[in-house]
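Take a look at the chain below. The text that follows walks through it, from the terms to the whole and then to single residues.

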Amino acid sequence: RALVVSLFFKSFLAISRKLCDAGIMPPDAVPKAELSGADVFHTPALHSAQLFERVASDQASHDPIGKPKVHAAALKQATGEAIYTDDIPRMDGELYLALVLSTKAHAKITKLDASAALALDGVEGFFCAKDLTQHENEVGPVFHDEYVFANDEVHCYGQIIGAIAAANQALAQRAARLVRVEYEELQPVIVTIEQAIEHASYFPDYPRYVTKGDVVQAFAEAAHVYEGSCRMGGQEHFYLETHVALAVPRDRDELELFCSTQHPTEVQKLVAHVVGLPANRVVCRAKRLGGGFGGKESRGMMVALPVALAAYRLQRPVRCMLDRDEDMLITGTRHPFLFKYKVGFTQEGLITACEIECYNNAGWSMDLSFSVLERAMYHFENCYRIPNVRVGGWVCKTNLPSNTAFRGFGGPQGMFAGEHIIRDVARIVGRSELDVMQLNFYKTGDYTHYHQQLERFPIERCFQDCLKQSRYYEKQAEVERFNRENRWRKRGIALVPTKYGIAFGVMHLNQAGALINIYGDGSVLLSHGGVEIGQGLNTKMLQCAARALDIPIELIHISETATDKVPNTSPTAASVGSDLNGMAVIDACEKLNKRLAPIKEALPEGTWQEWINKAYFDRVSLSATGFYAMPDIGYHPETNPNARTYSYYTNGVGVSVVEIDCLTGDHQVLSTDIVMDIGSSINPAIDIGQIEGAF
């Protein structure tokens, strides 16, 4: 109703303005400050500039590091020639798999009848929990607390109950709708964090606490103590390519999977577990993904496992690609968070103590929620030094699809709380937010609340650069003038700094492998453990190999990521893909350089092709594996107190100006400036693309 009245008023203003312009009404009939309420937003002409470090170019060397090289598959992707998983041509005898999903949030399955579906011509099979042993049916990325198919009970709407394999997609989906499922509803149905708190619905071993200093004493001595809370909702990944898998039996006891996943090794491991094969009989391949953002780190199993099971049992190729609505229903989102905090600070706004409770909505299973919560607990203070801290964390169990990894992995939710705290403090002491931020910034040498020393902390420089680049004070004055002169349209300006720790939260994942094969004609095939999700990882790996081998980048090719080339890979996630895999690639290159060194000495004037030819005839191995394990990390207060939690931090500061239409709630971002410190970039074009894309 409010919107209808607002739109009616908007039209009144627009008509009045026309009548004034035509001289029918006096020019001052409508106050000037109200007239802009008639305007609507139009997409402006976009202007942008990207500034980065320029690397000196040496004509003789082939070194591409630091240069803005175009994404290796950019042209193929822009023309539609790039092959994604579902572009693989249909095979002879291939079946399509459709999923039977729960329509209740919390219920007991009293009847499951697929007879009507199986009666259809072209339907080849129906699979459910009865087709697997209890052990085979239990799966999960870390804790095996989920099921391939729901077993007697469903815990969320959209949980997979069964799967139909049929001759084509339309038939399979029609048959899946004919499967009869009867339920007996169970109570309670818990959806929100507040309901979880009310029912004390938490995963075991929570809450967990991280403490530093003495908050009780610090609160007693503080000039001001303020209590507040903030919340952040979920968010859909909306990768352009939905979850997809194709499984092909290669022999009675071999399976090959083509899967859109950020973690091929996990898919391999879980498929082997479900079909009862050793991992060496299962190969998982991923050539490229149409986006992932964390949504394909652990949830790829939901499609891959039923597909692999059907292919193995029926001994025919089986494919499944989720429709967009199925994907959004089944897969879970970013973790919603609720923060309750109490903060103590001085008259000037210097924060001396903070006690904060962090609750995340995990959904019905654990997935990676424990790790997301830990990162939120470690990032809540953002860039601000707080000497006395007590952080508590709860993982809430609810009847929602299991929430999962999502760009930032708990970091953005934690920082969101920190930025709320800073703004509360600034408001109470009556100072500008920027002054309070600067007063509280970490300095180089400070320690975080998880006892990691900040060795280099350039936030102040990022802050000053961003103020200057964005002409912050000029824009702020312009915003204030605009708001005085317009009643129904308002502008705002905000600045947000960030600090993000680089490393997997789980120690053993901080490792990577690579394999390099050099062929007789001098061409190089590179394989590494990372997955190309569109982020340009393969391009960076080609650059690393080109520099390390000192050859033109055109001689090197990456075909795909596959578990039979590089085993036991970590997921491509946590912003460490190029750090880990790049070092593994360099390790492999160094081994090859060592073997080729005597040949290069003997033929100093030779070409790369001549050296390789000579090496082959001298029976020198032209294949090498590389490996890297991130050093000095794995902090634990009792067992490993001297290690670090994160390898290092990236910092950035962003300033945005936005305008809102107070009548309709419509809004537009007018300008954004971002300054990121990412060290010396391997490829500025790709890194800027990642920063802009993330924004």
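A residue is called buried under 20% relative accessible area, exposed over 50%, and partly exposed in between (1.4 Å probe, protein chains only). Phe409, at 15% relative accessibility, therefore counts as buried. This is a predicted model, where local features need pLDDT of at least 70 and side-chain atom pairs count only at pLDDT 80 or more, while totals for chains, interfaces and linings use all residues. Residues are numbered from 1 along each chain as its sequence is written, and side-chain values use heavy atoms, with hydrogens and water left out.

Start with the whole chain. Of its 695 residues, 52% count as buried. The C-alpha trace spans about 85 × 75 × 70 Å along its principal axes. The radius of gyration, taken over C-alpha atoms, is 29 Å. A compact globule with 695 residues would have a value near 26 Å, which agrees; that rule is 2.2 Å times the number of residues to the power 0.38.

The chain has 20 helices and 25 strands. These are DSSP runs numbered from the N terminus: helices are H or I with at least four residues, strands are E with at least two.

Two strands pair if DSSP finds at least two bridges between them. Strand 12 (residues 254-259) and strand 13 (residues 282-286) run parallel, joined by 4 bridges. Here Phe258 stands opposite Arg285 of strand 13.

Turn to the loops. Phe409 lies between strand 17 (388-397) and helix 13 (411-429). Its phi is positive, about 55°, although it is not a glycine. Gln315 also has a positive phi, near 55°. Gln315 sits in the loop between helix 10 (301-314) and strand 14 (318-321). It is partly exposed, with a relative accessible area of 31%.

Two peptide bonds are worth a look. Gln187 and Pro188 are joined by a cis bond, with omega about -5°. Pro188 is in the loop between strand 8 (180-185) and helix 7 (193-198). The bond from Tyr206 to Pro207 is cis too, with omega near 10°. Pro207 is in the loop between helix 7 and strand 9 (208-212).
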